[in-house]
Amino acid sequence: MTIDASARTDGTARTDGTARTEGATRTPANIADLVGDAESFLAEVWGNRTATFTCEPAKGLLSMDGVWRELDCGSLVAPYFGILRQDATPTVSGVCETRIVQTKPRPGYAKPAAVRELVASGQVFLLRQLEDWNAGLGALVDALRGECRAEVGADAYLCAAGSAGVPAHVDGAHALVVQLDGRARWVVGEGEHAFETVLEAGGVLYVPAGRVRQVAPDGTDTLHLVISVQQPTVRDLAELALAQFLKGSAAAQIAGRHHFGSPAEKVAWLRTELRAHLAGHDRGALAEQAVRLRQREGRA
């Protein structure tokens with residue numbers, strides 16, 4: 001399955017859908033489980049507009065009680081948690097400590113009492129990179145990586161009732177938001193074209209990349225999951241394709257005789273050979289290679 005995000009529009013509209021519900025005890029395992037008709041979603045919604053869906057089994061991915069148990073068990077360590085600053089960036093300042101583990105000092109362990117106090121005062125508790133340590137989310141993220149040919153990650157946000165929630169911010173990745181517990185009010189976009197909705201537990205919200213978004217509790221404590229989907233950029237793909245071309249046989253053959261040709265002949269050769277090189281590419285394979293390159297370089 002591939003995603004074509006080229007048909008972006010500036011409009012924001014609501015599309016209500018219901019994801020598949022067979023096997024209610026099974027948590028979502030792919031994009032169709034989250035949005036229902038995957039083909040329609042990818043063709044009509046992805047990259048174009050904000051949309052809401054329903055996936056009741058998604059509530060089983062993580063619960064608020066589960067978050068508190070994870071915190072209280074004492075093994076939660078940075079960078080897998082944080083408290084959001086006002087600019088929506090995480091920090092562990094004031095909520096972590098150094099412990100002695102196997103006779104050696106190990107910094108970065110969460111302080112449960114400090115985290116609870118900050119959440120009660122209106123701060124947002126963040127669980128990061130859940131795909132690395134939550135089996136259900138790890139399986140879902142792996143499936144989405146294959147379906148979307150993109151780098152995918154999952155973070156969870158816990159807010160107390162009455163708090164300001166997550167402030168307005170812009171993310172360069174597409175987002176699939178899953179309301180896990182409680183109720184939250186979302187605003188996507190700005191001004192008269194802003195999209196507003198209240199997500200109940202089991203609700204799913206898709207936000208295209210580059211849209212301003214903010215969320216706050218709607219009368220309850222709330223826990224939501226953000227699955228970020230970062231696809232390779234045009235520049236990523238172009239740089240990779242060109243690098244492969246320059247390492248190929250055509251470039252090697254011309255290297256020893258390029259000085260015999262005129263600039264016009266060189267441009268004509270490049271146009272012909274580069275077109276042939278690009279035509280022979282598997283688009284999906286190129287995207288997957290670009291994702292792996294971003295990961296190795298720490299850009300994903």
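Select H174 to begin: H174 is buried, with a relative accessible area of 5%. Buried here means under 20% relative accessible area, exposed means over 50%, and partly exposed is in between (1.4 Å probe, protein chains only). This is a predicted model, in which local features need pLDDT of at least 70, side-chain atom pairs count only at pLDDT 80 or more, and totals for chains, interfaces and linings use all residues. Residues are numbered from 1 along each chain as its sequence is written, and side-chain values use heavy atoms, with hydrogens and water left out.

**Stop 1**

Helices (H or I, at least four residues) and strands (E, at least two) are DSSP runs, numbered from the N terminus.

**Stop 2: the whole chain**

Zoom out. The protein has nine helices and 15 strands. Of its 300 residues, 42% are buried. The accessible surface is about 15100 Å², and carbon and sulfur atoms hold 51% of that. These areas come from the Shrake-Rupley method with a 1.4 Å probe; for residues, only the protein chains shown count as cover. Now think about contacts, meaning heavy atoms within 4.5 Å. Among contacts with a separation of 6 or more, 75% join residues 24 or more positions apart.

**Stop 3**

Select strand β15 (residues 222–230) and pick out L223. Is L223 buried or exposed? L223 is buried, at a relative accessible area of 1%. Show its surroundings. Beyond its neighbours within four places in sequence, L223 is in contact with L62, S63, M64, V67, A156, Y157, L158, V178, Q179, L180 and D181. Then draw a distance to A184.

T222 counts as buried because its relative accessible area is 1%. Which residues does T222 touch, leaving aside neighbours within four places in sequence? The contacts are M64, Y157, L158, C159, Q179, D181, G182, R183, A184 and P217. T222 and A161 are 61 residues apart along the chain, and their C-alpha atoms are separated by 7.1 Å.

**Stop 4: two cysteines**

C159 was on the T222 contact list. Select C159 itself. At 2% relative accessibility, C159 is buried. Then jump to C55, which is buried at 1% relative accessibility. How many disulfides does the whole structure hold? The search finds zero. A disulfide would be a pair of cysteine sulfur atoms within 2.5 Å.

**Stop 5: helices α3 and α4**

Select helix α3 (residues 64–72) and helix α4 (residues 112–120). They pack at an angle of about 145 degrees, with axes 9 Å apart. Axes are lines fitted to C-alpha atoms, for helices over the stretch in contact, and angles run from 0 to 180 degrees between N-to-C directions. Show the side chains. W68, L71 and D72 on the α3 side meet P112, V115, R116 and V119 on the α4 side. The crossing of α3 past α4 is right-handed. A crossing is right-handed if the near helix is turned clockwise from the far one by less than a right angle, and left-handed if anticlockwise.

**Stop 6**

Follow the chain out of α3. P79 lies in the loop between α3 and β3 (81–84). A cis peptide bond joins A78 to P79, with omega about 15 degrees.

Move on to A88, in the loop between β3 and β4 (90–91). A88 is not a glycine, yet its phi is positive, at about 70 degrees.

Now find Q129, in the loop between β7 (125–127) and α5. Its phi is also positive, near 50 degrees, in a residue other than glycine. Q129 counts as partly exposed, because its relative accessibility is 28%.

**Stop 7: E147 in α5**

Finish along helix α5 (residues 135–148), at E147. E147 counts as buried because its relative accessibility is 15%. Where does its side chain reach? The E147 side chain comes to 3.0 Å from the backbone nitrogen of I31.

Conventions
A polar contact is a pair of N or O atoms within 3.5 Å; within protein, one must be able to donate a hydrogen and the other to accept it, and residues adjacent in sequence count only if both atoms are side-chain atoms.
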